[in-house]
Amino acid sequence: MTTEETSRFVRVRVELVLEVEDEAALTGAALARIAGDAGMPEAERAHAEGAVTEDTAEALAHLVDPFDLVSEVPGVALQQASWSGERIDYDPDSPDWDLDEDDGAQDDEEEAVG
């Protein structure tokens, strides 16, 4: 039997490129989320506040929650998620950013590692 026939688990890969139009609003929202997390230890809170204040990519990573993407999808339960943010150089006219490009070779390599 193949994995497709026996596994109930599905890996979904999503890549987003976002433009930060208001760094202050993004940072403020991340700081508010951190302040509202009653279960976060004080040392972790201080580290998180410093990280989101210094880097908008970190602020965004504190606000993006993969659970929100699938919480309303019937018949599924999120088992594991990881995500991060990083600043990038983005040129929408560059062929390097063609989202319709076939990444078959890359996907096969990532699946072997993942």
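Is glutamate 42 buried or exposed? Glutamate 42 is exposed, with a relative accessible area of 57%, where exposed means over 50%, buried under 20% and partly exposed in between, computed with a 1.4 Å probe on protein chains only. The structure is a predicted model, in which local features need pLDDT of at least 70 and side-chain atom pairs count only at pLDDT 80 or more, while totals for chains, interfaces and linings use all residues. Residues are numbered from 1 along each chain as its sequence is written, and side-chain values use heavy atoms, with hydrogens and water left out.

The protein chain holds six helices and zero strands, and along the sequence it reads α-α-α-α-α-α; helices (H or I, at least four residues) and strands (E, at least two) are DSSP runs, numbered from the N terminus. Of the 114 residues in the protein chain, 12% are buried. The chain exposes about 9700 Å², of which carbon and sulfur atoms supply 49%, the accessible areas coming from the Shrake-Rupley method with a 1.4 Å probe and, for residues, only the protein chains shown counting as cover. Among contacts (heavy atoms within 4.5 Å) between residues at least 6 apart in sequence, 51% join residues at least 24 apart.

Threonine 27 is found in helix α2 and counts as buried at 13% relative accessibility. Apart from residues up to four places away in sequence, threonine 27 touches Val52, Thr53, Thr56 and Ala59. Leucine 63, in helix α4, is partly exposed at 22% relative accessibility, and its contacts, again not counting residues up to four places away in sequence, are with Leu26, Ala29, Ala30 and Arg33. Leucine 63 and leucine 31 are 32 residues apart in sequence, and their C-alpha atoms are 9.5 Å apart in space.

Threonine 56 lies in helix α4 (residues 56-63) and is buried, with a relative accessible area of 7%. Leaving aside neighbours within four places in sequence, threonine 56 is in contact with Glu23, Leu26, Thr27 and Arg87. With the side chain of arginine 87, the side chain of threonine 56 makes a polar contact at 2.7 Å, a polar contact being a pair of N or O atoms within 3.5 Å, where within protein one must be able to donate a hydrogen and the other to accept it, and residues adjacent in sequence count only if both atoms are side-chain atoms.

Charged pairs form another theme. Side chains of opposite charge can pair when their charged atoms come close. A search of the whole structure finds three salt bridges, each defined as a side-chain nitrogen of Lys or Arg within 4 Å of a carboxyl oxygen of Asp or Glu.

Glutamate 23 forms a salt bridge with arginine 87, the closest N and O atoms being 3.8 Å apart. Because glutamate 23 lies in helix α2 and arginine 87 in the loop between α5 (66-70) and α6 (104-113), this pair ties together parts that are 64 residues apart in sequence. Glutamate 23 is partly exposed, with a relative accessible area of 43%, whereas arginine 87 is exposed, at 55%.

The side chains of aspartate 55 and arginine 87 also meet in a salt bridge (4.0 Å, N to O). This pair links distant parts of the chain, since aspartate 55 is in the loop between α3 and α4 and arginine 87 in the loop between α5 and α6, 32 residues apart. Aspartate 55 is partly exposed, with a relative accessible area of 26%, and salt bridges that share partners join Glu23, Asp55 and Arg87 into one network.

A further salt bridge brings together the side chains of glutamate 42 and arginine 45 (3.6 Å, N to O). Both residues lie in helix α3, three residues apart, about one turn of the helix; arginine 45 counts as buried at 10% relative accessibility, while glutamate 42 is exposed.
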